[in-house]
Amino acid sequence: MKALYLAVIRFYASSIGKKMIVALSALGLLAFLLGHLAGNLLIFSGPDALNAYAAKLHGLGVFLWVPRLGLLGLVGVHIMATLHLAAQNRAARPQEYVADATLRATRSSRMMVLSGLTILAFIIYHLLHFTVGNLHGFHDDNGAYRLADGSMNVYKMMVVAFGVWFNSLFYLVALTLLGSHLSHGVSSLFQTLGFTTPRTRPLYTLVGRLFAVAICGGFASIPVAVLAGFLK
Amino acid sequence: MNLTLKVWRQKNRNAPGHLAEYQARDIPVDASFLEMLDIVNERLIESGDDPIAFDHDCREGICGMCSLTINGKPHGGKGGVTTCQLHMREFQEGQTIVIEPFRASAFPVVKDLAVNRSAFDRIIQGGGFISVRTGSAPEANGTPIAKDVADRAFAAAACIGCGACVAACKNASAMLFVAAKVTHLNSVPQGQPERDRRVLGMVRAMDAAGFGNCTNQYECAAVCPKEIPADAIARLNRDYGTAAIKEALVG
Ligand code: HEM
Ligand code: SF4
Ligand code: FES
């Protein structure tokens, strides 16, 4: 046990180890994003489908905390390792170039810390908004957002929340930066985990872009549909 | 041709540096970048000034000694070319050229544009070798190597250890250099017995020297005079990952 613990510490201490931990934690977060998107898109199947899905999740009771804590752990590890890497990177070049040039690096690759921190701010806001906070009175006692059987009317929550334009705007901005994060991040992941070869590199770059567009377009479709009056 | 140079001058490792301006007049277009600096230096010496210190040796693109970050781009940023093989015809009449050293905390400035790249030697000492006596050149067909493997090893072995990859990297990471060496030696049969020890040792020496971490932006490959591809880094990651797991499980 102690040997394994030491091996993990040693792995984390190395540059490549930290990068792989970033990539593996990201893999878990990407799986969550896919699942979360699939669930949310049920809104287009109408209130009953979405509310039934939400009720099923809440039916897990304490076991809902397993994925929740898992996600929290993944986000924590991802942030710890990336900020650690970023600090080391800054220290590796104390004297900047006076004439600085960029030859190949994409804009999204140069914004990873910024896009990541925006995602973090968004996650906090998002949880306060729907899960914990009471901005729209979702959790008031009067039962305005409850169904007949007492479970939450998630459909109504979403339509009301995204009907507030500045709220939707913040979601769309955050989603754009998530897209930027993923368009570099996903293709990068294959490189970090050692799968990229000369033949597969263009494929992975394409996969990264498509994934980013699919995830962000998918999530963005909900506030856009509400604002356009398509969902009500 | 006539040029304005802004050259980084720094007395020693600990002194603060600054950009000094020089007029480089009547430079032949066929001069190499280093020959241009030679001309400027001769004039500085004639007028009793301190010549600009810069590294060079073979001047034919094979030794890895020349360096220089030219307008922010190591070796001029053309890719596939060392500074000694870069010619003044690539520049425009009247152009201002900013010349800085390869910047990285692992490459401390010795003087002006000359930096100490012995961190690369420490990485090689970490495992960039094969510890068997090979004697004189063996019979060519004694150890058969598949063509694609030989090609890959040979392309990686072209790395001259110049350090431009570090200089170009936004994080001063040495991954492309280490990846070239690991790809070279871990591809050929002679390198197999030490493959795990090699990659662990070299990556640890790289980390200890204070290089940054790769963020998969491939600025390194864009400037590499030997055109080592970024895929070598994926291979390095793979070899390191498997070696680290084996080490954790079986010691
Ligand atoms: C839904 C949440 C997130 C997902 C799906 C995600 C995904 C990814 C992916 C796939 C990578 C590429 C890994 C690699 O290069 O192998 C990455 C890198 C990175 N992430 Fe995130 N990320 C998320 C949240 C965050 C947050 C909250 C931060 C806050 C600081 C952050 C900061 C970074 C940074 C700085 C990198 C670059 C690391 C490097 O290039 O070495 N990410 N992320
Ligand atoms: S990989 Fe290319 S840029 Fe880096 S040291 Fe080798 S030859 Fe120079
Ligand atoms: S001086 Fe030898 S490679 Fe440029």
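# A tour of the iron site and the cavities

Select the iron atom of ligand 1: its six donor atoms subtend angles of 86 to 180 degrees, which makes the arrangement octahedral. The model is a predicted one.

Next, select H78(A) and H181(A). These are the protein donors of the iron atom, each through NE2, and they lie 2.0 to 2.1 Å from it. Trace the chain from one to the other: H78(A) belongs to helix 4 (residues 65-91) of chain A and H181(A) to helix 8 (residues 165-192) of chain A, so that the pair, 103 residues apart, links distant parts of the chain.

Are the two histidines buried or exposed? H78(A) has a relative accessibility of 16% and therefore counts as buried, the cut-off being under 20%. H181(A), at 13%, also counts as buried.

Now turn to the cavities. The structure holds three of 30 Å³ or more. To find it, select C169(B), C214(B), Q217(B), Y218(B) and C220(B), which are the closest to its centre of the 15 lining residues. Helix 5 (175-187) and helix 7 (219-223) of chain B each give two or more residues to this lining. Colour the lining by class to see eight nonpolar, five polar and two charged residues.

Methods:
Residues are numbered from 1 along each chain as its sequence is written. Chains are lettered from A and ligands numbered from 1 in the order in which they are written. This is a predicted model: local features need pLDDT of at least 70, side-chain atom pairs count only at pLDDT 80 or more; totals for chains, interfaces and linings use all residues. Side-chain values use heavy atoms; hydrogens and water are left out. Donors are N, O and S atoms within 2.8 Å of the metal (3.2 Å for Na, K and Ca); water is not among the atoms, so sites may look incomplete. Four donors count as tetrahedral if all angles lie between 85 and 135 degrees; four count as square planar and six as octahedral if opposite donors are over 155 degrees apart and all others between 65 and 115; anything else is irregular. Helices (H or I, at least four residues) and strands (E, at least two) are DSSP runs, numbered from the N terminus. Buried means under 20% relative accessible area, exposed over 50%, partly exposed in between (1.4 Å probe, protein chains only). On a 1 Å grid over the protein atoms alone, a cavity is a set of points where a 1.4 Å probe fits but cannot get out, and a pocket is an open set with protein on both sides within 12 Å along at least five of seven lines; lining residues have an atom within 4 Å of a point. Grid points are joined across faces, edges and corners, and a volume is the space filled by probe spheres set on the points. Ala, Val, Leu, Ile, Met, Phe, Trp, Tyr, Cys and Pro count as nonpolar, Asp, Glu, Lys and Arg as charged, and the others, Gly among them, as polar.
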